[in-house]
Amino acid sequence: MKLTIVGGGIAGLSAAYYAKKNIPDAHITLIESDSHWGGKITTDRVAFDDGHFIIEGGPDTFLATKPWGVALCNELGLGERLHGTNPNKKNTYVLNKGRLLPLPEGLAMMIPSDVPSILRSRLISWVGKTRMGLDFLLPAKNVNGDESLGSFVSRRLGREAYENLIEPLMSGIYAGDGDQLSLASTFPYLRDLEIKHGSLARGALEMRKKSKGKAVQGSRSAFLTPTTGLAEIVEALIESLKSKVELRPNTRVTHITRSDLRPSTFDLELETGETLETDSLILATPAYISGHLLASFDPALASVLQSIPYASTATVSLAYRCSDIPRGLDGYGYVIPRREGRKALACTWTSTKFPHRAPEGYALIRVFVGRAGQDIPWNENDLLELSKEEMKLTLGITAEPLLSRVFMWENAMPQYNLGHPDILKRIDAILENYPSLALAGNGYRGIGIPDCIHSGELAVKKLPESIGVENGLAPAPTAL
Ligand SMILES: Cc1cc2nc3c(=O)[nH]c(=O)nc-3n(C[C@H](O)[C@H](O)[C@H](O)COP(=O)(O)OP(=O)(O)OC[C@H]3O[C@@H](n4cnc5c(N)ncnc54)[C@H](O)[C@@H]3O)c2cc1C
């Protein structure tokens, strides 16, 4: 049996890993258009002075509470190399009318649950705080279907709390527009809290109590990363795949057609002019690319896949001498609400969050630029200038950075907007016609690294060859 996986990001690599493990007889090929494995995961390790700057171009950490990231790292022997965030300087700030104000304490899954801390916060006016209090009184609304994140949080906590506090935290994860993002596809547990507890704050308080109990049982930081960067996961995956999987970097698939000779198989046309026939196929490319590849194979499926929008973003990492930074970097950084009108979305004080990522005496800062619906300059020089300006305006840094790295991510962040759950249903329905075709990646049911790993594992489980193999794998209930 031939299984081909297209896309060597974390989703495709994970699919190859679980296929190797669970379909031992398959001939597995992993195809990647780039020379670099890992897709959005890209780590630059720059020797400097007596140490190294560890510069992440895309993701810089992953969530430990979703189990699939930690599980894969443990299997790859990386468990002991995972670092949590710095527990000693945990402040996070929010830009408010050009000043940095601390995020109130006691946020549980980004929802305020500590009333005294909210009352002390200068991020919300007294009118706004009074409106937030209505959350304890307002009954759960009878909503038929989905609603936007912005409308949901605004009706529970008020528009001011949404714009000044919740929007920059939540929409930032997707680089999205909260008034467009689907609540059901991004933060479904918030609606559950409303229904179960009649109040977001009461529900968040419950969650906080529960998570404290878990922390006592020894769980570590909520965010983890390997010692020398996330690329360690990619390197370990490639090492483990080498012996059993045919790895084909620098190979672009241009389109997919049905095989004339064997209609149940797929023909992959490569840029080189070669045609690869395969029995089973996992597409771990961004949804719009998977749609493009399938355009002649199944136009209806292609068009649904291409209806998932993606936003472009960039990260700019800047290194300074600590002595060049007038303000102490006493936390993980700050987020910037959309209403501030800045091009930057957030700024991570990387060397405080993960002290091992910069040599002693130096600081590494990462500016995250771009969000859905906002134009940003699309060249390295302008992005660098814009980030230096952000450093000057907010942190008062006038020194030139000692080094800088710009990473531009065009159409990189899928937007789970209103209607996304219906898109997924339509994709699932069409995929029922193709038992040997599965999709994986960030376009569907989670954009974080653990979700993408899980999507690769589920894609393998969906294939008919997986049925009945060891480890008790059963076919996945859904296609993705
Ligand atoms: C700036 C940024 C910061 C982020 N921060 C975090 C974070 O801190 N934590 C977190 O958990 N997540 C974060 N994310 C999200 C996460 O990194 C991504 O969702 C995830 O890495 C996507 O993995 P993937 O395998 O689905 O897709 P990709 O990484 O996009 O991989 C798809 C691969 O397919 C290849 N490909 C495309 N077309 C073809 C073709 N025709 N033929 C062959 N190959 C093809 C591409 O070259 C690419 O390698 C961030 C994302 C970005 C952009």
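This is a predicted model: local features need pLDDT of at least 70, side-chain atom pairs count only at pLDDT 80 or more; totals for chains, interfaces and linings use all residues.
K461 is partly exposed, with 18 other C-beta atoms within 10 Å, and its place is in helix α16. The domain assignment gives domain 1 (2-39 + 233-309 + 417-466), domain 2 (43-87 + 310-413) and domain 3 (103-216).

**Domains 1 and 2**

- The centres of domain 1 and domain 2, taken over C-alpha atoms, are separated by 30 Å, and the contact between these domains takes 16 residues from domain 1 and 14 residues from domain 2.
- On the side of domain 1 that touches domain 2, α10 (231-241) and α16 each supply at least two residues, and α16 gives the most, with six residues.
- The residues on that side of domain 1 divide into 10 nonpolar, four polar and two charged.

**Helix α10**

- The buried residues of α10 are A231, I233, V234, A236, L237 and L241.
- These buried residues of α10 pack against the helices α1 and α2 (67-75), and also against the strands β2 (27-31), β3 (43-48), β11 (223-226) and β12 (245-248).

**Surroundings of the ligand**

- There are 36 residues around the ligand, and those that come nearest are G7, G9, G39, P59 and G441.
- The elements that give two or more residues to the shell around the ligand are α1 (10-22), β17 (310-321), β21 (403-414) and α16 (449-462).
- By residue type, the shell around the ligand divides into 17 nonpolar, 14 polar and five charged residues.
- By domain, the shell around the ligand draws at least three residues from domain 1 (2-39 + 233-309 + 417-466) and at least three from domain 2 (43-87 + 310-413).

**Nonpolar cores**

- The largest nonpolar core has 66 residues, and those with the most contacts inside this core are Y334, A344, A346, I365 and V369.
- This core draws at least three residues from each of domain 2 (43-87 + 310-413) and domain 3 (103-216).
- A second, separate core has 64 residues, including L30, C73, V304 and L424.
- Leaving aside neighbours within four places in sequence, A346, one of the residues with the most contacts inside the largest core, is in contact with G172, G333, Y334, V335, I336 and F368.

**G333 in strand β18**

- G333 is found in strand β18, which covers residues 331-335, and G333 counts as buried because 20 other C-beta atoms lie within 10 Å, the cut-off for a buried residue being 20 or more.
- Not counting residues up to four places away in sequence, G333 touches T92, A346, C347, T348 and W349.
- G333 and P249 are 84 residues apart in sequence, and their C-alpha atoms are 36 Å apart in space.

**Exposed loop residues**

- K97 lies in the loop between β7 (91-96) and β8 (99-102), and counts as exposed because K97 has 8 C-beta neighbours inside 10 Å, where the cut-off for exposed is 12 or fewer.
- Although K97 is not a glycine, this residue has a positive phi of about 50 degrees.
- N250 has its place in the loop between β12 and β13 (253-258), and its phi is near 55 degrees, a positive value in a residue other than glycine.
- With 12 other C-beta atoms within 10 Å, N250 is exposed.
- E80 is found in the loop between α2 and β6 (82-84), and counts as exposed with 9 C-beta neighbours inside 10 Å.
- E80 and A222 are 142 residues apart in sequence, while the distance between them, C-alpha to C-alpha, is 16 Å.

**K461 again**

- K461 counts as partly exposed because its 18 other C-beta atoms within 10 Å fall between the cut-off of 12 or fewer for exposed and that of 20 or more for buried.
- The C-alpha atoms of K461 and P326 are separated by 53 Å, and the two residues are 135 residues apart along the chain.

Key. Residues are numbered from 1 along each chain as its sequence is written. A nonpolar core is a set of buried Ala, Val, Leu, Ile, Met, Phe, Trp, Tyr and Cys residues joined through C-beta atoms within 7 Å. Domain bounds come from an automatic or database domain assignment. Two residues are in contact if their C-beta atoms, placed from the backbone, lie within 7 Å. A residue is near a molecule or strand if its C-beta atom, placed from the backbone, lies within 6 Å of it. Helices (H or I, at least four residues) and strands (E, at least two) are DSSP runs, numbered from the N terminus. Ala, Val, Leu, Ile, Met, Phe, Trp, Tyr, Cys and Pro count as nonpolar, Asp, Glu, Lys and Arg as charged, and the others, Gly among them, as polar.
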